[in-house]
Amino acid sequence: MSTPSKSDQPILLEVKNLKTWFPIRRGLLQRTVGHVKAVDDVSFHVRRGETLGLVGESGCGKTTVGRTLLRLIPNSGGDVRFDGKDVFGASALDMRRLRREMQIIFQDPGGSLNPRMRVGRIVGEPLEVHGLSSGDELRTRVEELLVRCGLWKQAADRYPHEFSGGQRQRIGIARALALQPRLIVCDEPTSALDVSIQSQILNLLSDLQDEMGLSYLFISHDMAVIHHICDRIAVMYNGKIVEEGTRDEIINSPKHEYTQALLSAVPEADPRRKKQRLRLANARM
């Protein structure tokens with residue numbers, strides 16, 4: 001019996017006309033004189049078990065998208081639905097339940113971990129907060145998560161500063177998996193790591209997706225990374241999505257000049273081959 005393709009799976013996350021504007025205040029009374037439109041009318045969806053790559057240069061609004069749909073940043077408009085449930089309209093109790101389904105892996109593995117807490121407490125804290133585990137059961141669950149993410153049981157007794165950057169990111173992944181979510185927002189999870197460690201983390205994320213049926217919104221500025229892990233790609237520029245399609249469509253036949261410029265910036269593996277770098281003067285929206 002053939003395995004159904006990811007494109008046939010039902011939609012898990014649906015984002016419609018999302019807006020996140022930040023006020024510009026001036027004067028003694030700090031009156032609002034305008035807005036920075038960090039995210040301006042963005043729409044996309046993520047199906048069960050698939051990875052959607054959200055790619056663009058620094059400052060284009062992609063990280064703001066991820067944090068807004070998780071309600072870590074207040075939205076200015078639009079609609080987000082997770083498995084049919086209204087995220088922005090959810091009550092505090094409903095949002096608490098939704099947070100078990102939607103997690104995030106942060107860009108900086110060091111800055112996202114409390115340096116005063118041992119790793120066991122960092123990974124186990126979500127389980128304690130949601131009342132899912134305690135005592136010996138909690139310790140066993142934490143050790144299982146650490147081992148599954150490529151660490152060892154005794155790592156639970158150490159502090160974050162005792163680990164390398166790649167190991168700290170594995171701790172962050174273990175923490176994100178603790179509540180057995182269905183969607184994980186991966187906010188540039190490999191950008192602070194060496195290239196060799198990047199591939200290890202990407203392979204771990206792929207293995208976890210196959211094993212647990214996870215859906216990823218993978219945020220990155222690196223087209224090579226996006227190409228490696230994503231099923232579909234949405235390209236962001238100045239707070240808007242300018243192009244969206246399957247991985248092969250975007251990589252092999254980019255339509256928008258901004259996408260073409262991003263692809264031209266990917267380094268060539270063979271140093272003897274010269275690549276023509278596109279200079280983006282003023283991409284149309």
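The pLDDT is the predictor's confidence in each residue, on a scale from 0 to 100, and it is the quantity with which a reading of this predicted model begins. Over the protein chain the pLDDT averages 90, and 92% of the residues score at least 70. Among the elements of the chain, strand S3 (residues 51–55) has the highest mean pLDDT, at 97, whereas helix H9 (residues 257–264) has the lowest, at 89.

**The sheet and its helices**

Six strands form an open sheet of mixed pairing, in the order S6-S7-S8-S3-S9-S10. The edges are taken by strand S6 (102–105) and strand S10 (240–246), and because each of these has a single partner strand, one side of each is left without a neighbour in the sheet. Direction ignored, neighbouring strands of this sheet are turned by 15° against each other on average.

Helix H9, for its part, lies across S3, S9 and S10 and runs at about 105° to S9.

**Aromatic pairs**

A pair of aromatic rings is described by the distance of the centres and the angle of the planes. The count of such pairs in this model comes to two, and they are set out below.

| Pair | Centre to centre | Angle between planes | Class |
|---|---|---|---|
| Trp152 and Phe163 | 5.9 Å | 40° | tilted |
| Tyr237 and Tyr258 | 4.4 Å | 40° | tilted |

Trp152 and Phe163 both lie in the loop between helix H4 (135–148) and helix H5 (165–177), 11 residues apart. Trp152 is partly exposed, with a relative accessible area of 29%, whereas Phe163, at 5% relative accessibility, counts as buried because this value is under 20%.

In the other pair, the planes of Tyr237 and Tyr258 stand at 40°, so the pair is tilted. Tyr237 belongs to strand S9 (residues 232–237) and Tyr258 to helix H9, 21 residues apart, and the pair thus links distant parts of the chain. Tyr237 is buried, with a relative accessible area of 11%, and Tyr258 also counts as buried, at 2% relative accessibility.

**A charge over a ring**

A further ring, that of Trp21, has Lys37 lying over its face, at 4.6 Å from the ring centre.

Note on methods: Residues are numbered from 1 along each chain as its sequence is written. This is a predicted model: local features need pLDDT of at least 70, side-chain atom pairs count only at pLDDT 80 or more; totals for chains, interfaces and linings use all residues. Side-chain values use heavy atoms; hydrogens and water are left out. Helices (H or I, at least four residues) and strands (E, at least two) are DSSP runs, numbered from the N terminus. Rings of Phe, Tyr and Trp (its six-membered ring) pair if their centres lie within 6.5 Å; planes under 30 degrees apart count as stacked, over 60 as edge-to-face and the rest as tilted. Buried means under 20% relative accessible area, exposed over 50%, partly exposed in between (1.4 Å probe, protein chains only). A charge sits over a ring if NZ of Lys or CZ of Arg is within 6 Å of the ring centre and within 35 degrees of the ring normal. Two strands pair if DSSP finds at least two bridges between them. Axes are lines fitted to C-alpha atoms, for helices over the stretch in contact, and angles run from 0 to 180 degrees between N-to-C directions. Contact means heavy atoms within 4.5 Å.
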